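Open the model in your viewer and keep the sequence panel beside it. Each stop below gives a selection and what to find there.

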Amino acid sequence: MKLTKLDRASEIAIVNCMGAKKKERILVISDCNKKEIGYSLFSNAIRLGFEALYVEMKPGKINGEEPSKQIADLMKQFDVVFCPTTKSLTHTDARREASAQGVRIATFPGITKDVMIRGLNADYNYISKLSIKLKKILEKGKFVRITTALGTDLSFSIAGRTSYASKGLFHKKGESGNLPTGETFLAPVEGTSNGVFVVDGSMAGLGLIKNVNLKVEVKDGYATKITGGKIATQLNKMLDAVGKDARNIAEFGIGTNPSAKLSGVLLEDEKVMGTIHIALGNNKSMGGSVNVPIHLDGVVKKPTVYLDNKLLMKDGKLLVEL
């Protein structure tokens, strides 16, 4: 049997990224839009000698929507769970509860075949070291300010917040994150974010930003005004369907994957080296207090980032040495 590039990417996910051991049981949760990737992960798990189960569900409507109770219960019964789905299961109670019981989980929200092949063939040892170093740097800081040439000027407190390194190696009990991956992220302290950020890369659920930039005005932790043509109208509609807490400034993240490219698939876009992302909505998964069924990231290109008034990133160049 000749292995395809997708087979190789699936094997890397199973063996390298999750560190699956011979007697461990693997669950793959997919939907009808992502079945090619879901079935590749399942069939390669079987090929590699694992006991595995493939489950297919209806695609969710929004990122962060809970799966059915049956699927949530299934997630707790396996050692390793893969979730290649249209909408993200990362920020769900189902994922959090399974992780709390020691299950290792990789989520692939919005994954495409190209993103899977490109993103999984990265140097995860380098990504892991950089992401962990960045985590340690951020956890010593108290205050972040982000600026860009397009008009971003956003500040917030990170005092006392845990930072998370999505390093692509999930080998310990309860570890979870995206695949492909490469980011370090945290939840800004609720109510402390003020200023404006201009999304010029991509927006979760809406794809690449072209022709018009998305301007988000922020006051006391909430996105109070969003402008920028049709894409702003769509984003406002998505947020209004959930309520005020959907506008919570939920996450600040920095991309650490040199192999990732802006593709319009947020899963990959937020990992691109030289970008940062700001998310709206749920921050419960990263130590915050806002638990709503939505989490939408906006990618900002070539940012300058100050940590406690010291340069951490200059026009997209990360000033961190390994």
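Predicted model: local features only at pLDDT ≥ 70, side-chain atom pairs only at ≥ 80, totals over all residues.

**Stop 1: the cysteines**

Select cysteine 32 and cysteine 83.

Cysteine 32 is partly exposed, with 42% relative accessible area. Cysteine 83 is buried, because its relative accessibility is 1% and the limit for buried is under 20%.

**Stop 2: the largest pocket**

Select Thr90, His91, Thr107, Asn178 and Glu183. Of the residues that line the largest pocket, these lie nearest its centre. The pocket has a volume of about 810 Å³. Its lining comprises 42 residues.

Next, colour the elements that each give the lining at least two residues:

- the helices α6 (124–139) and α8 (266–269);
- the strands β7 (164–166), β8 (176–178), β9 (183–186), β11 (202–203) and β17 (295–301).

What is the make-up of the lining by class? It has 19 polar, 13 nonpolar and ten charged residues.

**Stop 3: a cis peptide bond**

Move to proline 180, in the loop between β8 and β9. Select leucine 179 with it. The peptide bond from leucine 179 to proline 180 is cis, and omega is near -15°. Most peptide bonds are trans.

**Stop 4**

Most residues other than glycine have a negative phi. Two residues here are worth a look.

Select lysine 302 in the loop between β17 and β18 (304–307). Lysine 302 is not a glycine, but its phi is positive, at about 50°. Is lysine 302 buried or exposed? It is exposed, because its relative accessible area is 61% and the limit for exposed is over 50%.

Go on to aspartate 308, in the loop between β18 and β19 (310–314). Aspartate 308 also has a positive phi of about 50°, again without being a glycine. At 33% relative accessibility, aspartate 308 is partly exposed.

Definitions and conventions
Residues numbered from 1 in each chain as written. Heavy atoms only, no water. 1 Å grid on protein atoms, 1.4 Å probe; cavity = no way out; pocket = protein on both sides within 12 Å on 5 of 7 lines; lining within 4 Å. Points joined across faces, edges and corners; volume = space filled by probe spheres on them. Helix = DSSP H or I, 4+ residues; strand = E, 2+ residues; numbered from the N terminus. Nonpolar A, V, L, I, M, F, W, Y, C, P; charged D, E, K, R; others polar. Buried < 20%, exposed > 50% of the residue type's maximum accessible area, 1.4 Å probe, protein only.
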